[in-house]
Every structure is written in C-alpha cells, then in structure tokens.
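Thanks for coming. I will take a few minutes to go through one structure, and you can follow along on the screen.

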Amino acid sequence: MKYANIALAAAALSVAASGAALGQKQFEGIELKMLGIGDTSVTRLAPLVDEFEELTGAKVQIDQFPYPGLIDKIVIEASADTPSYQLMWVDSPWVGVLGESGALEDLTDLAIRDAEEINLDDIIPIQLQENTWQGRLLAFPASGMIWHQNYRKDLFEHPDEQAAFKAKYGYDLEPATNWEQYIDQAEFFTRTAGEVLAGNVLEKDFHGNAQAYSRVAGAITHDFFPIMRSYGGQYWDSETGLCAMDREPSLRAVDVMKRLVQFNPPDYLGLMWDIRTGYMERGETAVSSYWSVRTVRLTNPEEALVAGIGEVGYAASPTGEDIPQPTMTGALSFGINSKATDDEKEAAWAFIKWGTSREMMRRFAEEGNGVSMFHRSILMDPDLQERYPYYQVLLDTQEHAQRRIFHPFYADVEEVFGVALNKYMAGEADDPQAVLTEACNKINTRLKVFPVELRLRWIADPPAEIFSN
Amino acid sequence: MLKPATSEKLLCTVLIAIALAVFLVPIFIVAVSSVKPTPIMFQKPPSFVFEPTADHYINLFTARPFAKFIWNSLLVACGSTAFSLTFGTLAAYAISRIRHRRIKDLAFWILSMRMFPPIAVIVPYYILFKTAGILDTPLALIIVYSTVNIPLTTWLMKGFFDEVPAALEEAAAVDGHGLLATFFWITLPLVAPGLAVSAVFCFIFSWNEFIFALMLTGSEAQTATVAVMSFWSSDAVQWGRIMAGSFIIVIPGVVFVLTCQRWLVRGLTMGSVR
C-alpha cells in the first residue's frame with residue numbers, strides 16, 4: 001500500500017511537471033462549482049478563488065444557498081449522473097445521510113496520499129473523525145467547531161460581585177466547571193432594572209444566562225445534547241441501535257435547561273442560534289454556551305458591542321458533577337461529489353487542500369477573519385493566542401471532545417426532540433420522562449422498520465482509517 | 001340606505017385600524033430592521049430611535065449579485081404569468097363552452113395538477129431539466145410554475161366564462177365573426193377582471209415560490225427569495241441583509257397588485273350578485 005501511494009504520488013508529480021514544462025497548468029480547462037453556503041468557511045474563501053485558478057488553472061465558482069434545504073439539494077444533486085456541482089459544503093452531522101446515499105467521494109486514500117502536504121498530523125484528530133462515515137473520510141474540515149462557554153470576564157472579576165457571590169454560594173466566582181455552578185452563576189447575575197451590577201445601576205434587566213430554547217431548526221437540541229453528553233448520556237442504545245435519549249442523563253439535562261429558564265430573557269422560547277448569541281454579543285448576559293463559530297465574533301467591536309462594553313472570557317463547557325465528560329464537537333467541511341469525473345475529483349481535492357490548508361487558515365487569522373480553527377500549530381501560536389484569547393480553550397477542548405450526532409436520522413432527531421423539548425420548556429408538558437419517552441418512541445417507530453444489523457452499523461463509529469496509516 | 005351611527009363608524013374605524021396593524025406591523029418591522037445596525041438588531045426592548053444605516057442594502061447588493069436575482073425573479077414571474085394566462089384562459093374557454101360528457105373529468109384532471117406535493121416531483125423535474133440542459137435557467141422555473149398556475153387560471157377563468165351569456169357570442173357569429181374573432185374581441189374583454197385576478201395570483205405565487213427555486217437553480221437563475229434566504233447560514237443568520245432583501249422583494253408584488261387593482265376589485269366581486 002505504501003509503495004502504491006509513493007508510485008501514485010510520483011506519477012501525479014510527473015504529470016504536473018510535464019504540464020509545467022509545457023507552460024500548462026495542472027488543471028487547465030477544468031471548471032468546478034461548489035454547492036456552498038454563506039458561512040464564514042465559504043465567504044472568507046470565495047473572494048480568493050482566483051488565486052487558486054492562477055495556481056492550478058482550474059476555475060472555481062462558489063454558489064451560495066440557504067442552510068435550510070441545502071442537504072436535500074446535495075442529495076438531489078448526487079442523484080444526477082452528470083453533476084452540476086463537483087464540490088459540496090458539508091455540515092458534519094450530515095455525513096450519515098450523505099454517506100449512506102453515496103453522495104460523497106471517499107477522501108481517505110487522497111488524505112493518506114497527501115498527508116504531508118495537508119499537515120495531517122497538525123489537524124486535531126476529532127475534526128477528521130467528525131467527517132467520517134464507517135471509518136472513511138467523506139469531507140475535510142474547513143472550520144472546526146467546539147461547544148464551550150463564554151462569560152462576562154469583567155463581571156466575574158469585579159471585586160463586589162466576587163464578594164457577593166462567595167457570600168451567597170460559599171465558593172469563588174470562577175468559570176463554571178459543572179452545571180450546578182453554571183445555574184448558580186445564572187441566578188446570581190440575573191438582575192432587574194434599577195439594581196446594581198458591577199458598581200453600575202442597570203437601566204434595563206440583565207439576564208444571567210442566554211441559551212437556545214427555540215424549536216426552529218432544532219436550535220434547542222444544540223443546547224440540550226452537549227448537556228446530555230456531559231452527564232454521560234448517549235444518543236443510541238448500543239445493543240439495539242434505538243433511541244436512548246430518554247434515560248437518566250437526558251432527564252438531568254432537561255432539568256438543567258428547565259432550571260435555567262427563569263434566568264433567561266423573557267423571549268427564551270424564540271432564542272435560536274444567533275438571536276441567543278446576540279445577548280452575549282451585546283453584553284446583555286453573564287454566561288452563555290454555544291458553538292465556537294460564533295465566538296469568533298466576540299473580539300470584533302464591529303460585530304459585537306460587548307467588545308466595547310466589557311470583556312468576554314472563554315472556558316470549557318461545564319460537565320455533570322463528579323462525572324467529567326468531554327464536550328461536543330462539530331465541523332463545517334468540504335466534500336467532493338462522488339459523480340464527478342476523475343479529473344474533476346482530482347482538481348476538487350486540490351481545491352480542498354488549498355482552501356483548508358494551514359497556510360490559508362493562518363492567513364485568515366492574521367487578516368482578522370474569524371474562522372474557528374482546527375490546526376494545533378495555529379491554536380498554539382502565542383501571537384495569535386494573544387489576539388484571539390479563546391484559542392487556548394478551543395485547543396484544550398477539541399483535544400478531548402466527543403463526536404456530534406451523525407446518524408442518518410439526525411434531521412428527524414432534531415425535529416422531534418426540538419418540538420418535544422420546546423413544549424416542555426414552555427410549560428405545555430409537565431412530565432419530562434413522558435416527553436423524552438414519547439420523542440424516543442417517535443424516532444424508534446421510524447427506525448424499527450430497519451433490521452437491527454443496519455441500525456447498529458449506523459451508530460458505529462470506527463476510528464478513521466487515515467489514522468491507521 | 002340608513003346612515004351608520006357614530007358608534008358604528010367608530011367601531012369600523014377601530015376594526016380597520018386593528019386589521020391594518022396586523023398586516024402592516026410585520027412590514028414595518030422588516031423596513032425598520034433593514035436600516036437598523038446589526039449589534040442592536042434584537043435588542044430588548046426594541047429600539048426605534050437609532051442612527052439608520054444603509055449597510056444592509058449595500059451589503060445585499062455587493063456581497064452577492066442581488067440585482068441579477070431580482071431580474072431572475074421578475075423574468076420567471078412575468079414569464080410564468082404570461083404563459084399561464086395564455087394557456088389557462090384558452091383551456092378555460094374550451095371547458096366552459098364545449099359540451100361533452102367527459103369534460104368535467106378533464107377539468108378535474110387539470111385541477112389535480114395542483115394536488116402534487118412539490119417535494120414529490122422535484123427529483124423527476126431535476127433529472128428532466130438536467131437532461132434537457134435547462135437546469136439553472138429561468139425557463140425551467142417558468143415551466144414548473146406554469147404547471148401550478150395553469151390549473152388555477154383554468155378554474156378561475158372557467159367561472160368568468162360561464163358568466164358571459166352565450167347569446168353574445170351567437171350574435172357575433174350572426175354578424176359574421178369567426179370563433180377566434182369572437183373570443184378575442186367579444187368574450188375576452190368581458191372577462192378582463194378575471195384575467196387581472198388570475199394574473200395577480202400567478203404572479204404572486206411565482207414571485208414568492210421557494211422550494212422549486214432552491215432545488216432547480218444555481219447561481220445563474222437563482223431567484224430573489226432563495227438569494228435572501230441564502231443569508232441564513234450555519235454559523236450566522238444575516239438578519240440585516242435578509243430584512244433589506246425582504247423589503248425589496250415586497251415592492252414589485254405591491255406595485256403589480258396596485259396596477260391591477262382597478263380590475264381586481266371588480267373581478268373578485270363579479271358574479272357575487274346576479
């Protein structure tokens with residue numbers, strides 16, 4: 001295998017060299033289109049694609065589509081024998097659906113072949129694992145995500161607040177390491193207009209916490225699952241492949257979210273992704289946990305008022321008491337349409353290598369463009385760490401993170417649990433066990449039509465084969 | 001006719017004001033949000049006094065070719081409306097005038113075209129258009145929207161044609177007019193309000209449609225509705241741009257409806273009193 005790879009690399013180099021000798025670029029005449037999105041992983045890269053054409057001769061066009069419906073468009077696109085799009089933007093939970101439908105090209109061999117060129121050893125392993133299906137690499141990370149907490153550091157370090165907190169709760173005011181502390185802090189910082197916060201009289205209510213409780217696009221499940229996982233919960237039963245999200249860890253997670261409701265803004269049921277993160281960005285909440293792709297905004301005064309109001313601190317996501325569990329990761333990635341021609345695939349892989357390279361990521365960081373990083377060397381860079389104080393947290397948490405849900409029925413889980421949890425948080429249901437069981441039953445009804453062997457295969461997560469080489 | 005009492009007038013005014021508020025407040029929020037700086041977009045309580053910004057509009061047209069997407073929407077909406085009115089009106093006239101025992105079945109079959117859930121036909125459409133080489137072109141959307149709009153137009157116009165007395169057409173025939181001349185110069189002007197109503201419905205559907213436009217277009221034929229939603233990504237929803245785009249999208253629909261308003265009111269009430 002090793003010799004075959006060397007021979008393949010040598011052949012590729014000789015082809016490239018002969019092309020160069022003729023003054024022809026390697027992928028001259030090839031046109032690539034990316035089925036993309038208006039995500040930072042794409043929008044930062046889109047203005048630079050001419051540089052790729054200059055380097056390789058391949059012309060790249062990036063089309064941007066809405067996130068809702070994009071996965072359906074990818075699946076439909078993969079159903080055509082002659083694809084319109086050779087490159088696909090992929091959210092890591094989609095690898096189950098896309099892997100099972102055969103929509104994406106297997107990148108394992110390509111990644112092994114070019115391991116040195118893509119600095120494979122420098123990429124945090126969970127970001128690669130996040131893009132695998134049945135151990136095979138189906139997409140390559142363009143932006144790494146990690147779930148963690150952001151807090152108002154200026155408030156946490158204020159002497160009056162520190163003293164008052166210690167007097168009330170009996171321990172120091174520091175970033176929460178477990179959910180009980182997190183709830184204490186949310187309660188402590190919840191103040192009404194006229195009260196004093198860090199020596200200033202508040203003009204309007206201040207919210208201790210801002211989490212997502214909206215059912216839109218399953219936003220509430222994005223907050224629920226990390227808490228469930230932090231209590232040791234699992235998505236699926238390892239014996240049957242059926243829903244396991246109605247067990248003790250899930251109940252504890254529901255309890256945490258329910259207790260946090262009173263410390264959230266009054267419109268908590270409508271808080272979805274960036275409406276929720278907006279509270280921290282405006283400096284209107286003390287603590288909030290979410291994906292690092294939004295954290296990158298917090299140091300930019302043009303995107304976040306909080307940068308001019310106070311200071312944001314960053315810490316790992318809290319865990320259940322006494323049972324520390326690693327937090328949850330995700331990845332926004334690029335993949336290749338399995339129906340593309342061999343030449344197009346090779347050019348598309350060259351584009352992925354170029355667009356996700358360590359050099360490109362460093363360039364984004366140095367130019368001030370926030371992308372959630374996944375190369376160790378960038379996250380460890382002292383100069384960049386000083387500029388982006390959350391880098392150390394991203395590094396530490398990603399090293400020990402768990403993979404996000406990747407089941408082919410992921411969308412069903414988000415939809416069913418999104419509605420069920422939202423109803424419970426709204427007070428439309430009283431019994432959390434009944435709510436979770438009913439949601440699980442709905443998922444199981446859809447899963448039970450498939451044989452157990454298939455269900456078990458869907459939840460299997462063998463280590464990416466790129467690591468074995 | 002009795003003159004309404006002052007209290008009745010007041011009640012009417014209040015009810016109209018409430019109805020107006022229900023319909024106009026969302027548009028007001030969209031308009032205000034389209035010029036509101038991003039950091040205070042979702043501030044609670046919402047701020048109505050702020051320094052307006054044109055950034056969202058500028059970004060809307062510079063981040064992506066939004067003018068082209070509006071042009072695509074206009075092309076598709078007008079094309080589909082014209083196509084549907086032409087064929088829907090002819091079909092309706094035929095169904096209204098032809099006496100045949102299976103004509104009702106034919107009319108129902110045309111109506112059944114509207115009963116497909118879009119998602120069920122998207123993949124076949126995709127493959128058909130891909131094979132025909134018209135995927136990601138306005139023509140593909142004009143065809144798809146017409147399959148939805150023609151049945152609507154047919155059924156709407158059939159009602160209007162039924163209202164036109166056959167004696168008028170018989171008189172025209174006696175005067176020597178052929179079938180086409182009678183249709184174009186006698187019957188069609190009488191159902192002009194129906195054409196206006198059908199045109200408005202066809203245009204609004206084609207202008208607002210999202211699912212087909214998302215699945216069957218790329219960057220060449222992308223419509224404004226899809227382009228606006230494309231500011232919803234995985235890591236951020238660019239609400240400012242979405243609001244700016246939404247406000248712009250509202251305008252052509254309003255202009256079109258206002259243009260047709262004179263015939264629209266007549267068309268919507270025609271036949272209600274015999």
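Which domains does the domain assignment give for chain A? Domain 1 covers 2-145 + 331-403, and domain 2 covers 147-316; the bounds come from an automatic or database domain assignment.

Some ground rules. This is a predicted model, where local features need pLDDT of at least 70, side-chain atom pairs count only at pLDDT 80 or more, and totals for chains, interfaces and linings use all residues. Residues are numbered from 1 along each chain as its sequence is written, while chains are lettered from A and ligands numbered from 1 in the order in which they are written.

Back to the domains of chain A. Their C-alpha centres lie 32 Å apart. Where they touch, domain 1 of chain A supplies 15 residues and domain 2 of chain A supplies 14 residues; contact means C-beta atoms, placed from the backbone, within 7 Å. On the domain 1 side, strand S6 (140-152) and helix H20 (391-399) of chain A each give two or more residues. Helices (H or I, at least four residues) and strands (E, at least two) are DSSP runs, numbered from the N terminus. H20(A) gives the most to that side, with four residues.

Now the two chains. Their contact takes 31 residues from chain A and 27 residues from chain B. On the chain A side, the elements giving two or more residues are strand S2 (59-65), helix H4 (70-77), helix H13 (273-281) and helix H14 (292-295). The largest share, five residues, belongs to H13(A).

Notes. Contact = placed C-beta atoms within 7 Å.
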